[in-house]
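This report looks at selected helices and at the charged side chains that pair with one another. Please read it alongside the sequence and the model shown here.

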Amino acid sequence: MFLTVLKKDLLVELRSKEIVISMIAFGVSVILLYSFSFNQSPETFSIFSAGLLWMVFLFISVLGLHRSFSLEKEFDAMGLMLSAPVDRSYIFLSKWLSGLAFLLVSQSVIVPLFWLFLHLPIPGNLGGWIGLFILSDLGITSIGSLVSGITMRARMGEILLPILLFPLVSPLLIAAVRSTHALMNNQDFGEWRIWIQLMTTFVVAFALMGYVIFDHVSEQ
């Protein structure tokens, strides 16, 4: 049943493509804004580029999460899903993993453009970068899917989402930025392992929390 719900979310986006395209368009626009606004050397950019990169990812993830849940409000699709004989925790898992897929696809387009427009040196350790993005994205989308589920039916839910999400996701983003900076500077893994452990803790904690309480959240 979970695979059916996940397939539904992926097929809806595959047919419309409105979530991924809007995420990519917004991300590229912000990168161009960075590129034309900051007239700095690549060496100077490399100092704070990790923070700029994750700010872009945070903004596009909020855009995608909000749109993913707002689609369920059209024709009261969420009400029909909640009344169906489906474990409601599967809805959370489906939104979490589909959000992860949308974010990874958007990053595969945005990251090369970020390096290109900001004239940064091509980084090595591709496996480390992929692992870092997947782990960080798992954390952002798990927290975001839970918060989106809470705010979906609230008045001004589109405003409440970033207000509630940003403080919750801040420790995870700090860990992601520090890990990205360490990867860019080829630091030894032992020096920044603590940030990976922190992100792993976030992913496990919020994934379990969302799985357990989404049934109660969706009742509100």
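Where is the place of Ser148? In this predicted model, Ser148 belongs to helix 6, which comprises residues 126-151. Its relative accessible area is 3%, and because buried means under 20% relative accessible area, Ser148 counts as buried. When residues up to four places away in sequence are not counted, Ser148 touches Leu65, Phe69 and Leu161.

## Helix 1: span and sides

Helix 1 covers residues 2-16, and at 1.5 Å a residue its 15 residues should span 21 Å; the C-alpha atoms at its ends are 22 Å apart, which agrees with that expectation. The buried residues in helix 1 are Phe2, Val5, Leu6, Asp9 and Glu13. They cover an arc of only 100 degrees around the axis, and therefore lie on the same side of helix 1.

On the face of helix 1 that is turned away from the buried side, the exposed residues are Leu3, Thr4, Lys7, Leu14 and Arg15. Just after helix 1, Lys17 adopts a positive phi of about 60 degrees.

## Salt bridges around Asp9

Searching the whole structure gives 3 salt bridges. In one of them, the side chains of Asp9 and Lys8 meet with an N to O distance of 2.8 Å; Asp9 counts as buried at 8% relative accessibility, whereas Lys8, at 28%, counts as partly exposed.

Asp9 also forms a salt bridge with Lys95, where the closest N and O atoms are 3.3 Å apart. Since Lys95 lies in helix 5 (residues 88-117) and Asp9 in helix 1, this pair ties together parts that are 86 residues apart in sequence. Both Lys95 and Asp9 are buried.

Glu18 and Arg67 form a salt bridge in which the closest N and O atoms are 2.5 Å apart. This pair links distant parts of the chain, with Glu18 in helix 2 (residues 18-37) and Arg67 in helix 3 (residues 42-73), 49 residues apart. Glu18 counts as partly exposed at 32% relative accessibility, and Arg67 likewise counts as partly exposed, at 25%.

Notes: Residues numbered from 1 in each chain as written. Predicted model: local features only at pLDDT ≥ 70, side-chain atom pairs only at ≥ 80, totals over all residues. Heavy atoms only, no water. Helix = DSSP H or I, 4+ residues; strand = E, 2+ residues; numbered from the N terminus. Expected span 1.5 Å × (residues − 1). Buried < 20%, exposed > 50% of the residue type's maximum accessible area, 1.4 Å probe, protein only. Arc of directions from axis to C-beta. Contact = heavy atoms within 4.5 Å. Salt bridge = Lys/Arg side-chain N within 4 Å of Asp/Glu carboxyl O.
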